[in-house]
Amino acid sequence: LCYSVFSATCYFFGRDLYQSMNGTVPIGLVVASWGGQKVETFSSADALVDPTCGGTRPFHSIVNEGYFERTLWDLGLDVPDDVHPIQLWNAMIHPLLPMRFTAALWYQGEANSGDPTGYACRFPAMIVDWRKKFNLPNLEFLYVQLAAF
């Protein structure tokens with residue numbers, strides 16, 4: 001999902017995809033971004049309460065760690081007052097559900113740096129949820145791993 005002001009990552013992904021298809025298939029790029037936000041803002045309510053972290057953990061381990069018992073708003077700790085969990089999902093991602101995509105590019109994570117354990121759960125849960133909601137079980141989900149400072 002990349003449009004309007006492209007990042008270099010988005011531009012080169014689109015260019016390389018277009019070239020790999022010998023320039024025979026039009027490539028559209030859609031940007032749905034908001035800098036400095038946590039993964040929770042781009043996640044649906046279903047993703048935020050996924051007790052298996054997108055299938056990466058057995059249900060019992062999440063219950064034991066307390067993630068499943070948290071409320072939706074508890075998951076958005078330290079989110080700015082103007083942006084809350086699921087808000088950008090509702091405003092920017094959900095309206096795109098009728099569209100068909102080949103891939104999603106994810107370039108985020110620094111806002112979640114204070115909670116790596118939570119991010120390790122909510123990021124895969126968001127990916128699984130997007131694939132389900134878009135009805136694209138094989139949607140490629142490419143992400144940029146941020147440097148550990």
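**View 1. The salt bridge between Arg122 and Asp115 in the predicted model.** In this predicted model, Arg122 and Asp115 form a salt bridge whose closest N and O atoms are 2.7 Å apart. Glu40 is buried, its relative accessible area being 1%. Together, Glu40, Asp115 and Arg122 are linked in a network of salt bridges.

View 2. Side chains of opposite charge can pair when their charged atoms come close. The structure holds 5 salt bridges, and one of them joins the side chains of Lys133 and Asp46, with 2.7 Å from N to O. Because Lys133 lies in helix H5 and Asp46 in helix H2, this pair ties together parts that are 87 residues apart in sequence. Lys133 counts as partly exposed, at 27% relative accessibility. Another salt bridge is formed by the side chains of Arg15 and Asp16, at 3.0 Å from N to O; here Arg15 is partly exposed, with a relative accessible area of 33%, and Asp16 counts as partly exposed too, at 39% relative accessibility.

**View 3. The disulfide of Cys53 and Cys121.** The sulfur atoms of Cys53 and Cys121 are 2.0 Å apart and form a disulfide. This pair links distant parts of the chain, since Cys53 sits in the loop between helix H2 (45–48) and helix H3 (59–65), whereas Cys121 belongs to helix H5 (residues 116–133), 68 residues apart. The link of Cys53 and Cys121 is left-handed, with -90 degrees about the S-S bond, and both Cys53 and Cys121 are buried. The count for the structure comes to 1 disulfide.

**View 4. Helix H5 and the elements packed against it.** Helix H5 has 18 residues and reaches 25 Å from its first C-alpha to its last, which is close to the 26 Å expected at 1.5 Å a residue. Several of its residues are buried, including Gly118, Ala125, Met126, Ile127 and Asp129. The buried residues of H5 pack against H2, helix H4 (87–93), strand E1 (103–106) and strand E2 (140–143). Just after H5, Asn135 takes a positive phi of about 55 degrees.

View 5. A search of the whole structure finds 11 aromatic pairs. One of these is the edge-to-face pair of Tyr11 and Phe12, with 5.0 Å centre to centre and 75 degrees between the planes. Tyr11 counts as partly exposed at 43% relative accessibility, and Phe12 counts as partly exposed at 39%. Tyr119 and Phe123, by contrast, form a stacked pair, with 5.3 Å centre to centre and 5 degrees between the planes. These two residues are 4 residues apart in helix H5, so Tyr119 and Phe123 are separated by about one helical turn. Tyr119 counts as buried at 16% relative accessibility, and Phe123 counts as buried at 9%. Tyr119 and Phe123 also belong to one aromatic cluster, among whose members are Phe42, Phe101, Trp106 and Trp130.

Notes:
Residues are numbered from 1 along each chain as its sequence is written. This is a predicted model: local features need pLDDT of at least 70, side-chain atom pairs count only at pLDDT 80 or more; totals for chains, interfaces and linings use all residues. Side-chain values use heavy atoms; hydrogens and water are left out. A disulfide is a pair of cysteine sulfur atoms within 2.5 Å. Buried means under 20% relative accessible area, exposed over 50%, partly exposed in between (1.4 Å probe, protein chains only). Rings of Phe, Tyr and Trp (its six-membered ring) pair if their centres lie within 6.5 Å; planes under 30 degrees apart count as stacked, over 60 as edge-to-face and the rest as tilted. The expected span of a helix is 1.5 Å times one less than its number of residues. Contact means heavy atoms within 4.5 Å. A salt bridge is a side-chain nitrogen of Lys or Arg within 4 Å of a carboxyl oxygen of Asp or Glu.
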